[in-house]
Structure formats: C-alpha cells, structure tokens
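Student: I'd like to learn how to read a fold on screen. Can we go through it feature by feature?

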Amino acid sequence: GPLYATSYFSPQSVRRSAEQLGRFIARVRAREKCEQVDIVAHSLGGVVARYYIERRQGSSHSGRLITIGSPHNGTVIARLGALFPSARESLTNSAFYADLGPLTAHEGIAFTSVWSRADAIIEPPESSSIAPVGEDRIFEDLGHLSLLLSPRVLDTVAERLKA
C-alpha cells in the first residue's frame, strides 16, 4: 500500500504530538478512503503512537503498531533533556507513564516492538518490551540509530506488516 510519513517537534509533550498524529492519520484515512492504517514509529514516536491509540481514540483507526527502539516503560537517559516536556515524560517512573499505564490489548491491533539490547539511549533496553500484550523482536547488536538502518530490522518490519 501507499507509504506516508510525518514528524513532530520532539521536545513538545507526547500528548500534543499524539494530537498531531491523530490529525495526520485522519488526513491519510480520508485520502485513501480507509478505516485503518498501520503505524511504524521510531523511538519516542512509538510512545506518541501508543498514546494516540490508547488515549486519543486511535484504536479504531489502527491496524498494526510497530515500534523501533521505543521507551514503552521510560528511559533514565531522558533526565539529560529535562528542560523539555517530552524528556520529562519519558523518564522511567514519570507521572506520564503512571497515567498511561501498561500497554493494554486492543481488539484488532497487532503490537510489535523491535528493540536491541545494545541500545544505549533506551536505558535499560528492556524498557522497550511490550510482551506479553505484543510481540518483541530483539536484536543483540544494534544501537538506537542503527536500528533504523539495519536490513534485518527492515525485514522484520516488512514481515510484521505482511502478517
């Protein structure tokens, strides 16, 4: 199918980014005349997509969510950017994650988290896990940005999109 891309101002709050994502997905759905889209997101974008699905009524418009190196349970490294709303929200044990809670299953949505034990940005790397609600695809040797460039990760994403 067609491929669309969007971005957001990463220092802003996850909530605001999720609102933007919702508007973007509404435009894609209107253009393609479809009810659902699959979402592939990297890093904080995966948390933005998850927030869209779980808190912005995006579950009825999403088929698959595939995240790559996303801090589903926060990251301690976010304290380095504590001036920015998204960094404060991304901290392990933040009020944002307490409010979001653990990932919950949504009928009709397949969740996959692609992550690496060698990711030095998501600390600890296991905070990218979404098991048992979704499927984890774990690599041992890829850094945070290397996940985006790896043919193995691309193959994994393509496989999950076809599933």
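Student: What should I know about the model itself?

Tutor: This is a predicted model, where local features need pLDDT of at least 70 and side-chain atom pairs count only at pLDDT 80 or more, while totals for chains, interfaces and linings use all residues. Residues are numbered from 1 along each chain as its sequence is written, and side-chain values use heavy atoms, with hydrogens and water left out.

Student: Back to the sheet, then. In what order do the strands of the open sheet come?

Tutor: The general idea is that strands of a sheet pair through backbone hydrogen bonds, either parallel or antiparallel. In this model, an open sheet of four strands has the order β1-β2-β3-β4, with parallel pairing. At the edges sit β1 (37–42) and β4 (135–139), each pairing on one side only. From one strand to the next, the twist averages 15°; angles run from 0 to 180 degrees between N-to-C directions, and axes are lines fitted to C-alpha atoms, for helices over the stretch in contact.

Student: How many bridges join β1 to β2?

Tutor: Five, and the two strands run parallel; His 42 has Ile 68 in β2 as its bridge partner. Strand β2 (residues 62–68) and strand β3 (residues 110–116) also pair in the parallel sense over five bridges, and Ile 66 has Thr 112 in β3 as its partner. Between β3 and β4 there are five bridges in the parallel sense, with Ser 116 opposite Phe 139 in β4.

Student: Which residues of β1 make up its covered face?

Tutor: As a rule, in a regular strand the side chains alternate between the two faces of the sheet. For β1, the covered face holds Val 37, Ile 39 and Ala 41, and the uncovered one holds Asp 38, Val 40 and His 42.

Student: Why is β3 described as largely enclosed by the rest of the structure?

Tutor: Start with the cut-offs: buried means under 20% relative accessible area, exposed over 50%, partly exposed in between (1.4 Å probe, protein chains only). Six of the seven residues of β3 are buried, so the strand is largely enclosed by the rest of the structure. Now take Glu 107, in the loop between α4 (95–100) and β3: at 83% relative accessibility, Glu 107 counts as exposed.

Student: And helices? At what angle do α1 and α2 pack?

Tutor: Helix α1 (residues 14–32) and helix α2 (residues 44–55) pack at about 70°, their axes 8 Å apart. Angles under 35 degrees count as roughly parallel, over 145 as roughly antiparallel, 65 to 115 as roughly perpendicular and the rest as oblique. The two helices, α1 and α2, are therefore roughly perpendicular to each other. Contact means heavy atoms within 4.5 Å; among the residues that meet are Leu 21 and Ile 25 in α1, and Val 48 and Tyr 52 in α2.

Methods:
Two strands pair if DSSP finds at least two bridges between them.
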